[in-house]
Amino acid sequence: MIPHSKPFLGIEEQEAAARVLASGHIAEGEETAAFERECAAFCGRRYGIAVSSGTAALHLALGALGVGTGDSVAMPSYVCAALLTAVRLQDAAAILCDVDDHLGIDPSAVPARCAAAIVAHLFGARARIPQHEAVVEDIAQRFDGTTGRAARIAVTSFYATKLMTTGEGGMVLTDDEGIAAHVRDRRSYDNRDDFVARYPYKMTDLQAAIGRVQLRRLPAFLERRRRIAAAYNEAFADLPLRLPDLSDHACFRYVVATPRRAALEAHLKKCGIEAKRPVYRPAHHYLGGVYPNAERAHEEILSLPLYPALIDAEIGHVIESVRRFF
């Protein structure tokens, strides 16, 4: 079976992890600090604060922007549950907004009354940023050095299937010293003279050491993804599929749209290829409401295997199998 997603981990990552294990210091330390500096430089921000997950990064970012009980946060309706979870962790309410043709939040749908907005660059396509003073830019699916500077605060994830990985992990990125201090304070709860809600959100040096290697590999990862996506687009150009526009895309996911999504997914499974809906359930399936663009995306979009570890023979098999279906 060709998996839908697969990380690329090699001997350098093994050596980095072994170095940390041999040091005896596996909790947050110098490796984490170095990883923070390198990620901040990659994204063109002054500060990077490493945390335990992308959801933790979103949670702390909303808190740093002052979001709290009774507030509302605008977010796209077609997105994974992590965004909704982060909003609920701040005891706030989510205001869902329908998505545009690129599956990003429609800026015109963001109400002025909301305390903040979360904007995700879904699947690697560039999202439009609403004119709002409190925006969290979620670059987890477009961590490519071209995003993360459009708002006061940005977050990313280093989950196993992201553009680069630390296994689990995330990062908050900002130029604002006050925001950076707030996030650093809230990611660890121990040895404090006062009490406010703080969380066990630190990254370990073991994760950070792997992340530093992955960050060095990232440009090559991105190039490989673009080449695979371009090969797919060329091979599928004459098929009755809606293909992604790759002109400004990080190629985190390769998604096609067809009213025959379920049948195509079943056909590929029989061919030994794992394809899947890239968003398991959109947020409006949990909260209710009518969001026609998001619902159409849920019904029609299928994500095909796309990752640097995908070999040419597997790419050829995916192409041949999709073409055979049509």
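## Helix and sheet packing in a predicted model

Helix H4 (residues 81-89) holds Ala 82, Leu 83, Leu 84, Ala 86 and Val 87 as buried residues, where buried means under 20% relative accessible area with a 1.4 Å probe, protein chains only. The structure is a predicted model, in which local features need pLDDT of at least 70, side-chain atom pairs count only at pLDDT 80 or more, and totals for chains, interfaces and linings use all residues. Residues are numbered from 1 along each chain as its sequence is written, and side-chain values use heavy atoms, with hydrogens and water left out. Helices (H or I, at least four residues) and strands (E, at least two) are DSSP runs, numbered from the N terminus.

The buried residues of H4 pack against the elements tabulated here, contact meaning heavy atoms within 4.5 Å.

| Element | Residues |
|---|---|
| Helix H3 | 54-64 |
| Strand S2 | 72-76 |
| Strand S3 | 93-97 |
| Strand S4 | 116-120 |
| Strand S5 | 135-138 |
| Helix H8 | 283-287 |

After H4 comes Asp 91, with a positive phi near 60°.

An open sheet of mixed pairing is formed by seven strands in the order S1-S7-S6-S5-S4-S2-S3; two strands pair if DSSP finds at least two bridges between them. Strand S1 (47-51) and S3 stand at the edges, each with a single partner strand, so one side of each lacks a neighbour in the sheet. S2 and S3 run parallel and are joined by five bridges; Met 75 has Leu 96 in S3 as its bridge partner.

How values were computed
Buried < 20%, exposed > 50% of the residue type's maximum accessible area, 1.4 Å probe, protein only.
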